[in-house]
Amino acid sequence: MHTTHSILLPNRPALILGETPLIMGILNVTPDSFSDGGQHNLVEAAVARARQMIAEGVDIIDIGGESTRPGSEPVGVQQELDRVMPVIQALVTAGITTPISIDTYKPLVADQAIQAGASIINDVHGLQGAPEMSEVAALHDVPVIIMHWQKDRDRGVPLLDDMAAYFSRSIALAEQAGISPDRIILDPGFGFGKSLQENYDLLRQLSAVRPGGFPILVGTSRKSMIGRLLENQPDERLAGTIATSVLGYMGGGHIFRVHEVRANRDALRVAQATLYGPPAELG
């Protein structure tokens, strides 16, 4: 069953994470992301995409200015700011109130994005890449998504054990900086430093990834764990993504980071009705 969490956001209604799955829509403003690079890196295209996701029922818009695909080139702070800031500012100016998450591991980018209107930090380095990231989150009192990405992990240690130790370090950094436990969301990091077998083991055992009972984000959309299995390209992986989203929800996941909002939302609504029954007003 799903634990319920109320995640407070600055100047926004709280996010309620529980039986109802929330959709985080991916908005990559990069030229080189693995499946949608170059599609939304102009401000007008990014705003149009955000509006489309809102119409489809997105709950959070996740904006990223640097690709983390295998082999991608690192991006400097100023270049990342030049990509994400105009989009965040345009969304705020347009009156869009859907919560914005900034997908970055750079404290300065996170700080500037929050000041511009973002209200969640999504850090693929799990607060362990730069010590200032925890301080930025604490200063602005925003939630943090802590992802597992142990690049040099000991393959002799079972994945879930390694993940537990990694998350414990990240949570300790958060607490030391003054981040309240009710501002922490964990992301097991599907596809990051994990074998194909490990990714599917993790999906099957997702309910075990819960040190401290924190809410879980599932991010499998279009990833190679689907492509390698089905031998297809990123834009052919919707069916596989939906399967992983539903399985992740059945395993206790709360937030689902996806490219296709409506299809995943519909599938997750059916999964929710299966676990908890359809809405009472439907009879």
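**Entry 1: conventions and the first hairpin**

I count two strands as paired if DSSP finds at least two bridges between them. I take helices (H or I, at least four residues) and strands (E, at least two) as DSSP runs, numbered from the N terminus. The model is predicted, and I note that local features need pLDDT of at least 70, that side-chain atom pairs count only at pLDDT 80 or more, and that totals for chains, interfaces and linings use all residues. Residues are numbered from 1 along each chain as its sequence is written, and side-chain values use heavy atoms, with hydrogens and water left out.

I looked up β1 (residues 5-9) and β2 (residues 12-17) and found that they run antiparallel, joined by four bridges. Ser6 has Ile16 in β2 as its bridge partner. Two residues lie between the strands of this hairpin.

**Entry 2: positive phi outside glycine**

I recorded that Asn11, in the loop between β1 and β2, has a positive phi of about 60 degrees although it is not a glycine. Asn11 is exposed, with a relative accessible area of 75%; I use buried for under 20% relative accessible area, exposed for over 50%, and partly exposed for in between (1.4 Å probe, protein chains only).

I recorded Asp141 as well, which is not a glycine and has a positive phi of about 55 degrees. Asp141 sits in the loop between α4 (132-140) and β7 (144-147). With a relative accessible area of 42%, Asp141 is partly exposed.

**Entry 3: the sheet**

I traced an open sheet of eight strands, with parallel pairing, in the order β8-β7-β6-β5-β4-β3-β10-β9. Its edge strands, β8 (184-187) and β9 (217-218), each pair on one side only. Within the sheet I followed β4 (residues 60-64) and β5 (residues 100-103), which pair in the parallel sense over four bridges. Asp62 stands opposite Ser101 in β5.

**Entry 4: helix α9**

I looked up α9 (residues 261-276) and noted 16 residues, with 22 Å from the first C-alpha to the last. This is close to the 22 Å expected at 1.5 Å a residue, where the expected span is 1.5 Å times one less than the number of residues.

Which residues of α9 are buried? I listed Val261, Asn264, Arg265, Ala267, Leu268, Ala271 and Gln272. They are on the same side of α9 because they cover an arc of only 165 degrees around the axis; the arc is that of the directions from the helix axis to the C-beta atoms. An α-helix has 3.6 residues a turn, so residues three or four places apart point the same way. On the other side of α9, Val270 and Thr274 are exposed.

I noted that the cover over the buried residues of α9 includes β3 (22-28), α1 (43-55), α8 (238-250) and β10 (255-258). Gly277 follows α9 and has a positive phi, near 90 degrees.

**Entry 5: the two domains**

I noted a division into domain 1 (28-114) and domain 2 (119-276), with bounds from an automatic or database domain assignment. Taken over C-alpha atoms, their centres are 19 Å apart. Domain 1 gives 26 residues to the contact and domain 2 gives 27 residues, contact being heavy atoms within 4.5 Å.

I recorded about 2,200 Å² of area buried between domain 1 and domain 2, with 57% from carbon and sulfur atoms. Buried area is the accessible area (1.4 Å probe) that two parts lose on being put together, summed over both. In domain 1, Glu56, Tyr105 and Ile114 lose the most area to domain 2, together 26% of what that side buries.
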